[in-house]
Amino acid sequence: MLRHEKEAVIDEVTESLRGSDTMFVSDYRGLTVAQLSELRAKLRESGARFRVVKNTLAGIAAERAGRTELAPLLSGPTAVTFCGDDPVAAAKVLAEFAKAHPQLELRGGLLEASLVDAEGVKTLASLPPRDTLIAQVVGTMAAPMSGLVTVLQGMVSGLVRALDQVAQKKAAAGEA
């Protein structure tokens, strides 16, 4: 690889590191080109990008991007998964693919600037998807309000029944 090609790769990886809050590092040794293509396609569907990078170039890019925490993970054949909006989806894809293809070894990564190990990535993969988590939070917030509405509705309907009974008694007293 020529010097200007290396600089281009370093610049591209540096921008990816700066633009992504969450990334995972893995060892892809032993995977075929077809398997790597399958993994890339699955990650693309989840909004993530999978990039094979030389360790020296990745180390320089990490230093330029201010992501020196990645340095211990950069040994051996290295692939970096840059996550989009939903890091859980990317972690799920990587964990499921690693189960089906044990050659893929998760090393760890950065989650919102915190270093996580391989077990941390697997734990993240066990969480429900982002949309489900949001729905659970909204449901939890809405539960007390719907309970209040039910109580108020019961009070109002009780008042309406009581007024209706008073009106029926007055009507019955007026007829008699």
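How many residues does helix α2 have, and how far does α2 reach from its first C-alpha to its last? I looked this up first. The model is a predicted one. Helix α2 covers residues 33-45, which makes 13 residues. Its reach is 18 Å, close to the 18 Å expected at 1.5 Å a residue.

Next I checked burial along the helix. Q35, L36, L39 and L43 are the buried residues of α2. They sit on the same side of α2, because they cover an arc of only 100° around the axis.

Which exposed residues does the face turned away from the buried side of α2 carry? I found V33, A34, R44 and E45 there.

I then asked what the buried residues of α2 pack against. The partners are β2 (49-53), β3 (78-82) and α4 (87-100).

I also looked at the residue run just after α2. G47 takes a positive phi there, of about 90°.

**Entry: strand β3**

One of those partners, β3, got its own check. I counted 5 of its 5 residues as buried, so β3 is largely enclosed by the rest of the structure. I took the faces separately. T78, V80 and F82 are buried on one side of β3.

Which strands pair with β3, and in what sense? β2 pairs with β3 in the antiparallel sense over 5 bridges. Within that pairing, V53 has T78 of β3 as its bridge partner. Strand β1 (residues 22-27) is joined to β3 by 4 bridges, and these two also run antiparallel. I noted two positions here. V25 stands opposite V80 in β3. S26 has A79 of β3 as its bridge partner.

**Entry: strand β1**

Is β1 mostly covered or mostly open? It is mostly covered, with 6 of its 6 residues buried. T22, F24 and S26 point one way from β1, and M23, V25 and D27 point the other way. Both sets are buried.

I followed β1 to its other pairing. β1 and strand β4 (residues 105-111) are joined by 6 bridges and run antiparallel. In β4, E105 is the bridge partner of D27.

**Entry: where this leaves me**

β1 has bridges to β3 and to β4. β3 has bridges to β1 and to β2. The buried residues of α2 pack against β2 and β3, and against α4 as well.

Methods
Residues numbered from 1 in each chain as written. Predicted model: local features only at pLDDT ≥ 70, side-chain atom pairs only at ≥ 80, totals over all residues. Heavy atoms only, no water. Expected span 1.5 Å × (residues − 1). Buried < 20%, exposed > 50% of the residue type's maximum accessible area, 1.4 Å probe, protein only. Arc of directions from axis to C-beta. Contact = heavy atoms within 4.5 Å. Pairing = 2+ DSSP bridges.
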